[in-house]
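Subject: Model handover

Hi,

Here is the model I promised to pass on.

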Amino acid sequence: MLPADISTADELIELLAFEAASEAFFLPVGQVKEIRSWSEPTPLPLAEPAMKGVINLRGTVLPLVDLATALQLPAAGRAPSKVIVVLEDRGRITGLIVTRVIDIISVPASSLEPPPQISAHAPGPGIAAIAIHDGKLIRVLCPKQLFPAAREDAA
Amino acid sequence: MNNTPDPLDQIRAGFFVECEDLLESLTDAIAAPDFSGGGEAVNIAFRAVHSIKGGASSFAMTALADFAHGLENHLEELRSGARSATPAMLGDLMRAVDHLAKLITAAKSGAVLPNDTGPLAQLNAALNRAAAPDQDGAPWDIRFRPSVELYQSGNEPLHLLNALSDLGACQISCDFSAIPCIAELDAESGWLAWHVILPSQTSETTIREVFDFVEDVCDLSIIRSHTPVPTPEVASGRPSAGPEAATMRVALERIDELMSLVGELVISQSMLVQILPKAAPHSPAVMAVEALGGLTRDLQEAVMAIRTQPIKPLFQRMGRIMREAATTLGKPAELICRGEATEVDRRIIERLAEPLTHMIRNAIDHGLEDPKTRAAAGKPESGALTLSASNRSGRVIIELSDDGGGIDRDKVHKIAVKRGLIAPDTTPTDAEVDALLFHPGFSTADAVSLMSGRGVGLDVVRTAITDLGGRISIQSTPGHGTSFTVSLPLTLAVMDAMVVRAGGQKFIIPLAAILETAAMNSASIVDDGFGSRLIRLRGRLSPVSDLAAMLGFGDDAQDGGIVILINDEDDNRTALRVDDVIEQRQVVVKALRENCGDVAGIASATILGDGRVALILDPGELITMANAPRPLREAS
């Protein structure tokens with residue numbers, strides 16, 4: 001399912017590009033609240049592996065989800081993820097732990113299409129849309145599928 | 001946030017907020033002592049209904065506007081003095097106000113209520129019953145002077161006055177003027193006279209009947225008084241159009257934001273204290289930061305005071321719920337409210353409405369007997385519910401008691417056995433039986449009733465109260481009624497707590513749940529033979545659980561450290577082993593669930609002086625976790 005604001009044809013949409021486990025992922029800039037440097041989280045008890053804990057974001061308790069772990073990307077040769085992309089999804093805010101932020105790119109909204117249902121390789125769950133831009137694969141994340149708290153709501 | 005709100009919607013929202021205030025002053029006015037006498041209260045009521053009508057018609061809420069218009073007409077008749085209110089009419093008036101409140105709620109949600117003119121028709125009938133004031137609407141003025149023969153014939157004026165009091169709320173005054181000085185006083189003679197003012201609706205014949213046997217041995221005059229019943233001093237002492245304290249309406253979100261900013265300030269201030277060099281305790285910087293600390297605390301209290309408000313509107317709403325339930329179930333009842341001025345955090349008030357509604361319905365449905373049974377037990381047919389609020393040792397106590405039949409413990413016991421909640425051969429104490437009512441799904445109603453038998457039991461009430469950081473308990477005396485006591489924190493924003501260390505992390509334990517702390521030494525520990533450890537504290541053996549291990553932060557077999565005995569509202573206990581107790585302090589409570597979902601054993605979070613998040617434990621859940629079989633994690 002495509003977010004409503006990127007489904008209109010021929011409009012350019014801006015995507016924030018960042019890296020996790022040496023791979024590039026994208027999110028519409030409209031969903032990103034801010035980018036933060038690292039602070040050590042307080043771990044949550046009996047949490048899923050991707051849930052790294054909570055930090056204080058100016059008085060709000062912000063959960064941190066490690067993107068590479070959430071997408072079950074191979075751990076080998078990973079650079080330590082130390083940048084937090086804070087995003088807002090239906091009133092909830094979550095911090096996504098990534099290796100680094102790369103760039104902001106603009107792609108025509110019409111070039112985005114739903115990910116193929118069956119694929120030997122990623123994209124798997126957590127990907128909202130894919131596109132080919134400048135010969136490269138653009139994978140736009142789906143926050144709803146990534147975060148444990150949001151998933152509980154859906155259930 | 002992404003779409004700008006429709007300005008008309010904002011005005012509409014403002015109108016509904018205003019309606020709540022207007023309903024409050026309307027209910028107050030009708031209950032005021034000078035309402036029946038046609039005093040200022042009638043004007044207040046009239047103006048409130050008039051404003052509701054005005055707003056409703058400008059938003060084209062026809063049903064609401066029409067009803068308000070009808071009600072306004074009735075109040076106008078009272079206001080102009082064309083009619084006067086009788087006590088019986090006040091009940092009908094209240095019901096009309098209840099209906100008005102319902103229409104407002106319906107208009108707010110956009111629902112359409114069936115056109116119900118019942119309440120107005122009733123009110124109309126009541127108005128017509130009350131006769132015009134210039135003639136028989138006036139109260140009775142009775143002057144009664146017994147002669148000496150009355151006393152000699154064995155009559156007693158007190159009995160006569162009591163009989164008059166039974167006819168209605170009368171004002172009795174004694175006239176001593178005839179008593180001579182003591183030298184001339186003939187103790188065998190009668191010197192006293194009484195002046196009685198009786199409400200208008202009693203017939204003259206009824207009054208005459210009281211004096212049937214003494215009419216020829218006293219001076220008696222019974223006339224319609226042409227001066228109205230004097231209104232109590234309270235009402236006239238208050239300037240009706242005096243200056244009111246200026247107020248303004250602020251969105252709750254803004255106050256919450258302010259509160260959270262002040263919380264930040266408290267944290268930043270304590271961070272400053274930690275950073276400052278300890279070596280120079282009297283340096284200007286340290287003194288300035290201390291002054292800042294004082295100001296911050298004052299600011300915090302001031303903001304907290306803004307967040308609190310009297311519990312009265314909630315109690316008034318409960319009055320409406322009670323009347324509705326009483327009518328539906330055919331059990332006449334009245335609600336007596338006490339301590340309505342008690343101030344409670346606005347957020348608590350909001351979340352208290354639902355459990356309290358359920359408790360009121362429950363009290364009428366299950367607490368009160370039907371009128372026949374009550375009459376047979378020598379009680380008035382109309383039941384009495386008492387709802388009171390008070391402040392006690394830093395908490396808000398809300399009590400709801402009924403004068404019904406009390407808990408039928410035999411029945412509760414039987415049902416509990418039948419449902420397998422307790423073993424058949426156990427003999428639980430009265431308190432244990434009463435506590436069974438809070439068991440999930442428990443209901444003593446033989447048939448599912450319309451009011452409270454909706455599959456939600458008192459366990460839902462208890463969950464709602466516990467979520468607010470409160471506790472609920474029950475006391476019952478067979479034949480005399482049942483009373484529920486709810487104890488709540490003053491605010492949801494700040495909590496007294498103990499900071500402990502376990503598994504390398506700092507955790508916060510609410511002080512309200514802590515019974516005792518003790519050093520963990522082998523002398524006090526007993527092995528239960530199944531690999532679990534027990535500790536004897538407060539006269540009982542409680543299981544010892546390692547906090548860090550429970551939460552998945554460490555191994556179980558730790559020795560030493562501190563054990564903290566916690567309990568829940570049913571006095572289930574568990575002892576938590578922690579590495580260290582750090583300090584006892586107030587913490588600012590931060591919501592965790594909205595961003596993180598449910599976290600095992602954790603209720604909420606706070607931010608400590610170093611700016612890091614610390615988790616606030618949920619004692620009830622920890623006790624459940626400790627008493628449950630070993631966590632699945634270890635098995636898998």
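Residues are numbered from 1 along each chain as its sequence is written, chains are lettered from A and ligands numbered from 1 in the order in which they are written, and side-chain values use heavy atoms, with hydrogens and water left out.

**Confidence**

The model has an ipTM of 0.82 and a pTM of 0.56. Helices (H or I, at least four residues) and strands (E, at least two) are DSSP runs, numbered from the N terminus. Within chain B, β22(B) has the highest confidence, at 93, and helix α9 (residues 233-237) the lowest, at a mean of 38.

Where pLDDT is low, the predicted coordinates should not be read in detail.

**The four-stranded sheet**

In chain B, 4 strands make an open, antiparallel sheet in the order β2-β3-β1-β4; two strands count as paired if DSSP finds at least two bridges between them. At its edges lie β2 (171-175) and β4 (218-224) of chain B, each pairing on one side only. On average, neighbouring strands here are turned by 15° against each other, direction ignored. Helix α7 (residues 157-167) of chain B packs on this sheet and touches β1 (140-146), β2 and β3 of chain B; its direction makes about 10° with that of β3(B). Angles run from 0 to 180 degrees between N-to-C directions, with axes fitted to C-alpha atoms, for helices over the stretch in contact.

How many bridges join β2(B) to β3(B)? There are 5, and β3 spans residues 193-198 of chain B. B:Q171 has B:I197 as its bridge partner in β3(B).

**The five-stranded sheet**

The open sheet of 5 strands in chain B, ordered β20-β12-β13-β22-β21, has mixed pairing. Its edge strands are β20 (580-588) and β21 (602-607) of chain B, and neighbouring strands are turned by 35° on average, direction ignored. Strands β13 (residues 505-510) and β22 (residues 613-617) of chain B run parallel, joined by 2 bridges. In β22(B), B:L615 is the bridge partner of B:F507.

Best wishes

Conventions
This is a predicted model: local features need pLDDT of at least 70, side-chain atom pairs count only at pLDDT 80 or more; totals for chains, interfaces and linings use all residues. Contact means heavy atoms within 4.5 Å. pLDDT is the predictor's confidence in each residue, from 0 to 100.
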